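Here is a short briefing on one structure.

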Amino acid sequence: MLDRLLKSLIYSLAAILIAVFFHYLGWLSPVENLFILLLKPLQSGAYELSQKTKNFSDYWLRKRNIIAENQKLIEEIKQLSLEQSKIKSLEEENSLLKKELNFIDEDKKQFVAARIITGVSDPLSQTVIIDRGAKDGIVKGLAVSADRGVLVGKISEVFDDYSKVTLLSDNKSRVAATVQNLDHTVGLVEGQYGLSFAMTNIPQNQDIRQGDLVVTSGLEGQIPKDLLIAKVESVKTVESEIFKTAILQPIIPLSNLSYVVVIIP
Amino acid sequence: MSLLSYLKLKNNWRPLIVVIILIGAVIINLLLSGGVIKYLAFINFIFAALVVMVNLRSIGESFIFAVVSGIILDIYSGLPFGLTAASLLLAAAAMEILIANIFSNRSFYSLVGLGAIGLVIYRLIFALLTQGLFFFGFTDATIGWNFWLQTAQELILTSVLLIVVFFIIDRWSNSFRPNYLSR
């Protein structure tokens, strides 16, 4: 029996090794693409259904807090409306000055809207699969945002018709970022075991406060500058260490995404 | 004559039914694991099907199922390709050794016990391979306490699934019954 088991085990391991080899050579790519294509209707349907169920259960669980949250949001809207009117007048002034200086507008980004088909199958990754791929001009490393301004992840793998997006909360995720404070602190936003994300490598002398906004720094070639990433929730400082860490609060919950936008710079 | 009793008589239909059930298990697993409802994702349909395969089918068949379903899971995985397939295969091999030496394939307790031990072995192998790949720089994913918490949840929910599967199979076939109780 042991002989038979060992023989079958060796053959099966060899089959896996061959599949891995073919995968990294890209020879398996058409098969993988076809497989995702065939299961797409079922998976996108199941994903949407699970989103709806989650939203429904969330609503009933959080019903008590909704009234208080609503009041708080009304106050925030008033504050934001004031800020928006200021920004609008600054924008007008800015465009007027640009015109007078014959400034060339370099902001020629392309946006590709995509639908999330499904999450991933393993327990360690925070990754989703979107229905846009190499045929739509997607390449590895591009920024993926919710709407056009909030970064949610980066493209990590591209097929012909589909791509995998590593979300910011994934342990593998790293994005160069800046805090919108007086120091314009630069650091690295890293995923924290799929649970949240934090900004690391912040020098101890930088002044970061709760509520400061964190945006992309533009230091990575394919990630545009000033995409909103998160809000600072708290700052962890250990005096004996060179750097401190800011725990970040996502602007939008990453588990509730249905549609995203890929930004092609 | 009901459809099921008809199919029961026709043994040549059985392999086809088994294949359809296995494909169904893989698809259901993919649909649930990709969704956002956490607890449904913890029911490991593929592993439950593998435990039944180890109990009722030959070594070769259960290994083929482990490799094929593992590779399909790897297509949807964010981890290095082949990791899930290799973990499933090695767990299947460990279960084959256990069933040949310790467990019986004609008992309710054996099926559930083998499933639970097998799942722990599978997660241990998965963790060891992931940490190994992390050590050699092939991945940035590491095993945290959250992984073991998920393992405990998966263990409970998959064991419940195995209990249900046992009673379904026992209702329609003699496969799990002791020989002296079989017709």
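Two residues count as in contact if their C-beta atoms, placed from the backbone, lie within 7 Å. By that rule, 11 residues of domain 1 of chain A are in contact with 12 residues of domain 3 of chain A. The model is predicted.

**Domains of chain A**
- Chain A splits into domain 1 (2–60), domain 2 (62–100) and domain 3 (107–265).
- Between domain 1 of chain A and domain 3 of chain A, the C-alpha centres are 25 Å apart.
- The side of domain 1 of chain A that touches domain 3 of chain A holds 3 nonpolar, 5 polar and 3 charged residues.

**Overall build of chain A**
- Chain A contains 3 helices and 12 strands.
- The C-alpha trace of chain A spans about 75 × 50 × 45 Å along its principal axes.
- Of the 265 residues in chain A, 33% are buried.
- Take the contacts in chain A between residues at least 6 apart in sequence: 56% of them join residues at least 24 apart.

**Contact between chain A and chain B**
- Chain A brings 43 residues to the contact, and chain B brings 36 residues.
- Five elements of chain A each supply at least two residues to the side that touches chain B: helix H1 (2–25), helix H2 (29–61), strand E1 (110–119), strand E2 (127–130) and strand E5 (163–167).
- H2(A) gives the most to that side of chain A, with 12 residues.
- By class, the side of chain A that touches chain B has 20 nonpolar, 16 polar and 7 charged residues.

**Strand E5 of chain A**
- Strand E5 (163–167) of chain A is among the elements on the side that touches chain B.
- E5(A) is mostly covered, with 5 of its 5 residues buried.
- In a regular strand the side chains alternate between the two faces of the sheet.
- A:Ser163, A:Val165 and A:Leu167 point one way from E5(A), while A:Lys164 and A:Thr166 point the other way.
- Both sets are buried, A:Lys164 included.

**Pairing around E5(A)**
- E2(A) and E5(A) run antiparallel, joined by 4 bridges.
- Strand E4 (residues 150–158) of chain A also pairs with E5(A) in the antiparallel sense, over 5 bridges.
- A hairpin of 4 residues connects E4(A) to E5(A).
- Which residue of E5(A) is the bridge partner of A:Thr127? The partner is A:Thr166.
- A:Thr166 is also the bridge partner of A:Lys154.

Technical notes:
Residues numbered from 1 in each chain as written. Chains lettered and ligands numbered in written order. Predicted model: local features only at pLDDT ≥ 70, side-chain atom pairs only at ≥ 80, totals over all residues. Domains from an automatic or database assignment. Nonpolar A, V, L, I, M, F, W, Y, C, P; charged D, E, K, R; others polar. Buried ≥ 20, exposed ≤ 12 C-beta atoms within 10 Å, placed from the backbone. Pairing = 2+ DSSP bridges.
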